[in-house]
Amino acid sequence: MPHPETWWKDAVVYQIYPVSFLDSNGDGFGDLNGIASKLDYLQDLGVNVVWLSPIYKSPLADMGYDISDYRDIDPRYGTLDDWDKLLTGLHGRHMKLMMDLVVNHTSDEHAWFEESKSSKANPKRDWYIWRPPKYDANGNRRPPNNWKSQFQGSAWEYDETTDEYYLHLYHTKQPDLNWENPEVRQAVWELMRFWLDRGCDGFRMDVINLISKVEGLPDAPITIPEDEYQDATEFYANGPRVHEFLQEMQNKVLSHYDIITVGETPFTHSASELARYVLPANKELNMVFQFELVDLDSPRTAQRMPFIHRPWKLSEFREIVGRWQKFKRDEGFWNAVFIENHDQGRSVTRWGNDADAWRVLSAKMLAMLEVRRNGRCICRNLFAFIQQLNFRKLKFPYLGSGPAGLEH
């Protein structure tokens, strides 16, 4: 049944990882003009919304999720004029464009951070999360707490210039913004308006449930005694002010535009917790990516091990899908339907069988599963099955060392 008052409820969203989609100028990097050349193809597939993974200026320490300039396009992908032309092409085909919003952290090469680290007296010092070192009984300098980075090691990096540590939940080159500072939030609202006023139709919000940290940043409980640093997600996933911040975002920015919003919410399987982000009465986001299904084949241990396989049962898969299909439908909860993205392995391999005899049937089966589920289909998973039918081996050398290669 159509939902004319909320167009995104009937949209099919196609995620594009720009660097590997289509290279239009032969430099080894996919680019905006390459995407623009395939709009008829995407329209023919039935795509309504194109979601671009980050295309902003970036040192690419984390494939563009380390942004050094939110208001410009990385030259690898093109220019702002190229972005405008892509948008015009999409809108001319009655399609929309969703950008990736990465505002839990920036690059350490962003001008904000370069100012912040220059001096304790700099006006932007409090735009990031800085703490003085601790010292052990032998006088050795130690990080402010025992939090583990999602990229392993300490979640703190020492800065000699100011003799303090900054927090980075991910890469050392991705310092976390201090959302407690209203100036930071205002800067985020302004950069969102920059893209929305330019014609962007919405945002996928990277790790948006991590923007609020527990006051005091206490040590995490020791769950793996042999590790020096410990999992601390309980102190920053779905933190104490995250809903306040998102409601402020809704009031200051989102409510003024007819757009789609999807929040990425890792480390959270609780349905009641996730509902708070989505239920219309709360006035926050349209949908979230919840990871219960795509975490099914990972070990259920205190330490996250997404690259270690755990055998799973079809009954488990069915129970998770069925439960989320029915969850709070009468209250307006809306699913973001997906079974893979840029952080996940290929669906045919994980949930089907990629042997020659079964690969095509597996892809078709999973595609049917996606289009028959209630909610909005986020479709690197659906239409990228076409890529799986055509390409078997992918080789992507480190981007800084030369062109990416593709083996048929």
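I take a polar contact as a pair of N or O atoms within 3.5 Å, where one must be able to donate a hydrogen and the other to accept it. The model I am reading is predicted.

**His-105**

I started at His-105 and looked up its polar partners. The side chain of His-105 makes a polar contact with the side chain of Gln-174 at 3.4 Å, which falls within the 3.5 Å limit. I found another polar contact, at 3.1 Å, between the side chains of His-105 and Asn-104. I place His-105 in the loop between strand E5 (96–101) and H4. I checked its accessibility: His-105 has 2% and counts as buried. I then listed its contacts, leaving aside neighbours within four places in sequence; among them are Tyr-65, Tyr-70, Tyr-170, Pro-175 and Asp-206.

**Strands E6, E10 and E9**

Next I looked up an open sheet of 3 strands and noted the order E6-E10-E9, with antiparallel pairing. The edge strands are E6 (130–131) and E9 (156–159), each pairing on one side only. I counted 2 bridges between E6 and strand E10 (residues 164–167). For Trp-130 I noted Tyr-166 in E10 as the bridge partner.

**Aromatic pairs**

I searched the whole structure for aromatic pairs and got 25. One of them is Phe-113 with Tyr-166, edge-to-face, at 4.9 Å centre to centre and 70° between the planes. Phe-113 is in helix H4 (residues 111–116) and Tyr-166 in strand E10, so I log the pair as a link between distant parts of the chain, 53 residues apart. I checked both for burial: Phe-113 is buried at 2% relative accessibility, and Tyr-166 is buried at 7%.

I then took Trp-179 and Trp-189, also an edge-to-face pair, with 5.8 Å between centres and 70° between the planes. Trp-179 lies in the loop between E10 and helix H5 (182–198) and Trp-189 in helix H5, so this pair ties together parts 10 residues apart in sequence. I have both Trp-179 and Trp-189 down as buried.

I also noted one aromatic cluster, formed by Tyr-56, Tyr-70, Trp-83, Trp-112, Trp-127, Phe-194 and Trp-195.

**Charges over rings**

Trp-127 came up again here: Lys-124 lies over its face, 4.6 Å from the ring centre. I found the charged end of Arg-141 over the ring of Tyr-158, 3.6 Å from its centre.

**Salt bridges**

The search of the whole structure gave me 24 salt bridges. I opened the one between the side chains of Arg-125 and Glu-164, at 2.7 Å from N to O. This pair links distant parts of the chain, with Arg-125 in the loop between H4 and E6 and Glu-164 in strand E10, 39 residues apart. I read Arg-125 as buried at 8% relative accessible area and Glu-164 as buried at 12%.

Arg-323 and Glu-292 also meet in a salt bridge, at 2.7 Å from N to O. I place Arg-323 in helix H8 (residues 314–326) and Glu-292 in the loop between strand E13 (287–289) and H8, 31 residues apart.

For Arg-346 and Glu-340 I noted a salt bridge with the closest N and O atoms 3.6 Å apart. Glu-340 is buried, with a relative accessible area of 1%.

Last, I logged a network of salt bridges linking Asp-100, Arg-204, Asp-206 and Glu-264. Asp-206 is also on my contact list for His-105.

Notes:
Residues numbered from 1 in each chain as written. Predicted model: local features only at pLDDT ≥ 70, side-chain atom pairs only at ≥ 80, totals over all residues. Heavy atoms only, no water. Pairing = 2+ DSSP bridges. Helix = DSSP H or I, 4+ residues; strand = E, 2+ residues; numbered from the N terminus. Phe/Tyr/Trp six-rings, centres within 6.5 Å; stacked < 30°, edge-to-face > 60°. Buried < 20%, exposed > 50% of the residue type's maximum accessible area, 1.4 Å probe, protein only. Lys NZ or Arg CZ within 6 Å of the ring centre and 35° of its normal. Contact = heavy atoms within 4.5 Å. Salt bridge = Lys/Arg side-chain N within 4 Å of Asp/Glu carboxyl O.
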